Amino acid sequence: MKRCTRIVKKESFGEFEEGLPMDVPRGHFAVYVGENRTRYIVPISYLGNPQFQSLLQQAEEEFGFDHGSGLSIPCDEEVFESEVV
């Protein structure tokens, strides 16, 4: 994986406090990518990134946003890392 300070691939989940994961810093959110649903911590600023917006549109078309299992991005990890990072 390419190292980048703006995006973090997480292998494990942190503790939860008041329903929110403690390992997600302020100004970031978690997404799940690929068949293995690898968890990434992404800065909120990525919401303005055209490539990320395209992935969100694909996610909405494939899963909708009311499926209750976290924001899933329907692409391979390699594609996610190369297009977003």
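Predicted model: local features only at pLDDT ≥ 70, side-chain atom pairs only at ≥ 80, totals over all residues.
Biologist: OK, strand 4. Is it mostly enclosed or open?

Modeller: Strand 4 covers residues 28-33, and five of those six residues are buried, so the rest of the structure largely encloses it.

Biologist: Which strands does strand 4 pair with?

Modeller: Strand 5 is one partner, antiparallel, with six bridges. Strand 6, residues 72-73, is another; that pairing is parallel and has two bridges.

Biologist: What stands opposite Y32 in those two strands?

Modeller: In strand 5 it's R39 that faces Y32. In strand 6, S72 is opposite Y32.

Biologist: Which residue has a positive phi although it is not a glycine?

Modeller: That's R37, with a phi of about 50 degrees. R37 is in the loop between strand 4 and strand 5, and at 34% relative accessibility it counts as partly exposed.

Biologist: Where does the charged end of R37 sit?

Modeller: Over the ring of Y32, 4.5 Å from the ring centre.

Biologist: Switching to rings. How many aromatic pairs are there?

Modeller: Three aromatic pairs turn up in the structure. One of them is F29 with F52: the ring centres are 5.9 Å apart and the planes are at 65 degrees, so that pair is edge-to-face.

Biologist: Where do F29 and F52 lie?

Modeller: F29 is in strand 4 and F52 is in helix 1, residues 50-63, so the pair ties together parts that are 23 residues apart in sequence. F29 is buried at 16% relative accessibility, and F52 is buried too, at 0%.

Biologist: What about F52 and F80, how far apart are the ring centres?

Modeller: The centres of F52 and F80 are 6.4 Å apart with the planes at 65 degrees, so this pair is edge-to-face. F52 in helix 1 and F80 in helix 2 are 28 residues apart, so to speak a link between distant parts of the chain. F80 is buried, as F52 is.

Biologist: Which residues end up in the ring cluster?

Modeller: F29, Y40, F52 and F80 are linked into a cluster by ring pairs.

Biologist: Now helix 1. Which residues there are buried?

Modeller: F52, L55, L56 and A59 are buried in helix 1. They cover an arc of only 100 degrees around the axis, which puts them on the same side of helix 1.

Biologist: Why would spacing like that put residues on one side?

Modeller: An α-helix has 3.6 residues a turn, so residues three or four places apart point the same way.

Biologist: And which exposed residues are on the face turned away from the buried side of helix 1?

Modeller: That face carries P50 and E61.

Biologist: Last topic, helix 2. What is buried there?

Modeller: E77, F80, E81 and V84 are the buried residues of helix 2. Looking down the axis, they fall within an arc of 95 degrees, so they line one face of the helix.

Biologist: What does the E81 side chain contact?

Modeller: The side chain of E81 makes a polar contact of 2.6 Å with the side chain of Y40. E81 is in helix 2, residues 77-84, and counts as buried at 12% relative accessibility.

Note on methods:
Residues numbered from 1 in each chain as written. Heavy atoms only, no water. Buried < 20%, exposed > 50% of the residue type's maximum accessible area, 1.4 Å probe, protein only. Helix = DSSP H or I, 4+ residues; strand = E, 2+ residues; numbered from the N terminus. Pairing = 2+ DSSP bridges. Polar contact = N/O pair within 3.5 Å; in protein donor to acceptor, adjacent residues only side chain to side chain. Arc of directions from axis to C-beta. Phe/Tyr/Trp six-rings, centres within 6.5 Å; stacked < 30°, edge-to-face > 60°. Lys NZ or Arg CZ within 6 Å of the ring centre and 35° of its normal.
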